[in-house]
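The sequence and structure are shown first.

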Amino acid sequence: MAISEEVLQKYQLAGKIAREVREEARKTVREGMPIIDLCEKTESLIRERGGKPAFPCNVSVNEIAAHYTSPPQDKRTIPENSLVKVDIGVHVDGYIADTAVTVCFNPEYEGLVHTAEEALKRAVEILRPGLSMSRFGSTIQKVIKDRGFKPISNLTGHLVGRYVIHAGKSLPNVFHVSTSRVNVGEIYGVEPFVTVAEAVGKVESGKEAHIFRFSKPKSLRDSYAKQLLNYVKENFKTLPFTERWLQGCVPPSYYKAAFSELLSSKALISYPVFIEASRKPVAQAEHTVLLVKDRCTVLT
Ligand code: MN
Ligand code: MN
């Protein structure tokens, strides 16, 4: 499957914006900084550069592996001595670039960060059309294990589609029996997650969820719920969003009930935070890549 020149240019622009904003975010993160400031600054930078956030800026600290973004009026700050994963998504006309960096404020965790970066580097070196998911997973697992660490076994890279972050195919970070292969023209978010050797090496869903997306149309009782759902569909389509982006869509006194109905009716689905099962720190590195003739090219 070849992609058109026009589509490729949109992916490349999304990738360029994602790379620039990631590097800005890397320089911006500070201990004690309000997480909401980092999320909002990052999302504004994406818009200023002509992209749109493909999902809310994720700022996941220590044992939180993924899916934390600030809710409205968030009071949380970046803790001292922490490991901070900033995961950024940009889309241009629905074509997505997904990239992440881990910023480390604790010398003890630096090995985790370097290992995630090494695993990503190796992934980019080996990815080419025809490579099997099994071979990919076992290679990444070995890179991480050889450095004395452990991959998170139930978080994977993923095929990217238009307005879809996880478009069906997964790129495992551990060996995994599969006949699936990567193909030319496909675009993947490649993202090894690394924890310490004594950890369980899996994530579980936490109680909190601050990221949502449209799931399916439902008949809704409340007219503000309908209005809110229309706003979501028009603005985010099938991409994830945060309640921070819904402020002012309906009168504030009706918002809470309207949003609750969208959740209880299952018109929306939520993404709970992912926490390492043994509460050990997790590092991540991510690029979005395009599979070309005999290799892959990094878009981010
Ligand atoms: Mn990501
Ligand atoms: Mn991703």
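A nonpolar core is a set of buried Ala, Val, Leu, Ile, Met, Phe, Trp, Tyr and Cys residues joined through side-chain atoms within 4.5 Å; buried means under 20% relative accessible area, with a 1.4 Å probe and protein chains only. This is a predicted model, in which local features need pLDDT of at least 70 and side-chain atom pairs count only at pLDDT 80 or more, while totals for chains, interfaces and linings use all residues. Residues are numbered from 1 along each chain as its sequence is written, chains are lettered from A and ligands numbered from 1 in the order in which they are written, and side-chain values use heavy atoms, without hydrogens and water.

**Nonpolar cores**

| Core | Residues | Members include |
|---|---|---|
| Largest | 32 residues | Leu127, Phe136, Tyr188, Val190 |
| Second, separate | 29 residues | Ala14, Val29, Ile88, Val103 |

In the largest core, the four residues named have the most contacts inside it. Helix α3 (110-126) is one of the elements that give this core two or more residues, and its 8 residues are the largest share. Beyond its neighbours within four places in sequence, leucine 127 is in contact (heavy atoms within 4.5 Å) with residues including Phe136, Val190 and Cys296.

**Metal site**

Asp87, Asp98 and Glu286 coordinate the manganese ion (ligand 1) at 2.1 to 2.3 Å. Donors are N, O and S atoms within 2.8 Å of the metal (3.2 Å for Na, K and Ca); water is not among the atoms, so sites may look incomplete. A distance of 3.2 Å separates this ion from the manganese ion (ligand 2), and aspartate 98 coordinates both. Aspartate 87 and aspartate 98 are both buried.

Definitions and conventions
Buried means under 20% relative accessible area, exposed over 50%, partly exposed in between (1.4 Å probe, protein chains only). Helices (H or I, at least four residues) and strands (E, at least two) are DSSP runs, numbered from the N terminus.
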